[in-house]
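The exercises below are meant to be worked with the sequence and the coordinates side by side. Please try each task before reading the solution that follows.

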Amino acid sequence: MKERFQLMSPVAVEASRMDAGPIVDLFTVRYVDDKGRERAERYTAGPGATASVMYGGQEYRPLPIALEGAGFSASGAAVRPTLRVSLLDRKAAPAGWHGARIDRVRTLARYLDGASEADSSRHWPRESWVVDRLSSQAREEVVWQLSSPLDLEQSMIPRRQVLRDVCQWQYRRRVGDTWKNPPVEDGCPYRGRKADGGPYWNARDEEVMEAAEDVCSRRLSGCRLRFGDHGVLPFGGFAGVSQVRR
């Protein structure tokens, strides 16, 4: 039986409502600075672009930044979006972003930390891009051309091992009486469907009663248990990759 995936996420349905409120783009930029240190900087262009926002416990600083042309091509041609970054904020370092990974999370302002409906699990599917080349630079703005991490013609080294049946995202863990959730851009968004974070399953996909026994099997079956057979599955493996036979 073929795998079935829901194309329209629940948050996209919410966004179509008249009272949905503004959409917020959250960017994480991962790069190596001129001293060889790995850096992770987080920015947002809204809402208002005048103050920092919190999402999933992470702070995103205000910066005029916009991703244009992202999406999927039915023709098979590689999509090459552009990233526009203002140079008015000298605390940002776009000049050193060549080769950086750009992660974007889109959500509604109503789901940001501190909002009445705060929920870091509600967002559009995460997008990841690699800064390929400088497209243009003016006194007030720099424009980068991006490429997909899966665009092998532009990829010089492997960035993540291609595993068909194993999810590579971080999963939450229990510390004492509280949950320790991974960063929203690097981890599984599952937070449970009940007030106590349940239901729970162990590494064999068996339902358990104790929160301390909650461990993901890292298989697609574990993803289905938590998000439903017809839900959006944030599976961190490459389920569509065919096995190689020699």
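**Exercise 1.** How many cavities of 30 Å³ or more does the structure hold? Describe the lining of the largest cavity as well.

*Solution.* Bear in mind first that this is a predicted model. The search gives one cavity of 30 Å³ or more, and the space in the largest cavity comes to about 120 Å³. Its lining is made up of 14 residues, of which Cys-167, Tyr-171, Cys-188, Cys-216 and Cys-223 are the closest to the centre. Sorted by class, the lining of the largest cavity consists of nine nonpolar, two polar and three charged residues.

**Exercise 2.** Which strands pair with E1, and in what sense do they run?

*Solution.* Begin with strand E1 itself, which spans residues 23–32 and is mostly covered, seven of its 10 residues being buried. Next, follow its pairing with strand E7 (residues 101–108), where eight bridges join the two strands in an antiparallel arrangement; within this pairing, Phe-27 has Arg-104 of E7 as its bridge partner. Then turn to strand E2 (residues 38–44), which pairs with E1 over seven bridges, also in the antiparallel sense, and in which Arg-42 stands opposite Thr-28.

**Exercise 3.** Which residues have the most contacts inside the largest nonpolar core, and which strands each supply at least two of its residues?

*Solution.* The largest nonpolar core has 19 residues, and Leu-83, Trp-97 and Leu-146 are those with the most contacts inside it. At least two residues of this core come from each of E1, strand E5 (65–68), strand E6 (82–86), strand E8 (127–137) and strand E9 (141–147). Taking Leu-83 as an example, and setting aside neighbours within four places in sequence, one finds it in contact with residues including Phe-27, Ile-65, Leu-67, Trp-97, Ile-102, Val-142 and Leu-146. A second, separate core contains nine residues, among them Val-53, Tyr-60, Val-105 and Leu-112. As background, nonpolar side chains in soluble globular proteins tend to be buried together.

**Exercise 4.** Is Phe-235 buried or exposed, and where does it lie relative to helix H2?

*Solution.* Locate Phe-235 in the segment after helix H2 (220–227). Its relative accessible area is 14%, and since buried means under 20%, Phe-235 is therefore classed as buried. Finally, consider Arg-219, which is 16 residues from Phe-235 in sequence, while the C-alpha atoms of Phe-235 and Arg-219 are 8.1 Å apart in space.

Definitions and conventions: Residues numbered from 1 in each chain as written. Predicted model: local features only at pLDDT ≥ 70, side-chain atom pairs only at ≥ 80, totals over all residues. Heavy atoms only, no water. 1 Å grid on protein atoms, 1.4 Å probe; cavity = no way out; pocket = protein on both sides within 12 Å on 5 of 7 lines; lining within 4 Å. Points joined across faces, edges and corners; volume = space filled by probe spheres on them. Nonpolar A, V, L, I, M, F, W, Y, C, P; charged D, E, K, R; others polar. Helix = DSSP H or I, 4+ residues; strand = E, 2+ residues; numbered from the N terminus. Buried < 20%, exposed > 50% of the residue type's maximum accessible area, 1.4 Å probe, protein only. Pairing = 2+ DSSP bridges. Core = buried A, V, L, I, M, F, W, Y, C linked by side-chain atoms within 4.5 Å. Contact = heavy atoms within 4.5 Å.
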